[in-house]
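This briefing looks at the charged side-chain pairs of one model and then at its pocket. Please have the sequence and structure open while reading.

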Amino acid sequence: MKQLIGIVTIFALGIGGLQAAKVPMSQKELKKEASHIASGKVISVTAKVQKSKIKRSLGLHRDKVYTIKLKVASVSKGNGVEVGQEILIEAWQPSTRIPPVPGLQGHEPVPEKGDTVEMYLLKNKKSKAYEPLLPNGIEITKKAKKTK
């Protein structure tokens, strides 16, 4: 009986930290929740895999963090961002989840260099970067042409 109680307790404690994947937001929700809405061309995208800041439960959890440099062409919401300015945006996607547990799945899609995008952003108070709303705060309006 004590073993059963112990197993149930461990299972219950583990479940408490679980999150579900987030449902994509509607256009109305994106516009309401964003502190900034900016459009422009992606100048560069770099990626690195690092320890997850999102998933903190027991196990091995790594995220692929993208740093997107955007040349702003227009701003439809927010102060402090100017047309012609280059801003940094941090997006992420899960890279490794051991054990595989459900949870947030990061940003989808992640743009590539040369793409034209509209982004629904929040200012990150700890860094100079902005963060797209989860999960669909990045809208690719025109894909970059691929060169051979």
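The model is predicted, so local features need pLDDT of at least 70 and side-chain atom pairs count only at pLDDT 80 or more, while totals for chains, interfaces and linings use all residues. Residues are numbered from 1 along each chain as its sequence is written, and side-chain values use heavy atoms, with hydrogens and water left out.

**Salt bridges**
- Two salt bridges are counted, each defined as a side-chain nitrogen of Lys or Arg within 4 Å of a carboxyl oxygen of Asp or Glu.
- In one of them, aspartate 63 pairs with arginine 97, with the closest N and O atoms 2.7 Å apart; because aspartate 63 lies in strand E2 and arginine 97 in strand E3, the pair ties together parts 34 residues apart in sequence (strands are DSSP runs of E, at least two residues, numbered from the N terminus).
- Aspartate 115 and lysine 143 meet at 3.3 Å, N to O.
- Aspartate 115 is buried, with a relative accessible area of 1%, whereas lysine 143 is partly exposed, at 46%.

**Lining of the largest pocket**
- The lining residues, which have an atom within 4 Å of a point on a 1 Å grid in an open set where a 1.4 Å probe fits, with protein on both sides within 12 Å along at least five of seven lines, divide into nine nonpolar, six polar and nine charged.

Terms used. Ala, Val, Leu, Ile, Met, Phe, Trp, Tyr, Cys and Pro count as nonpolar, Asp, Glu, Lys and Arg as charged, and the others, Gly among them, as polar. Helices (H or I, at least four residues) and strands (E, at least two) are DSSP runs, numbered from the N terminus. Buried means under 20% relative accessible area, exposed over 50%, partly exposed in between (1.4 Å probe, protein chains only).
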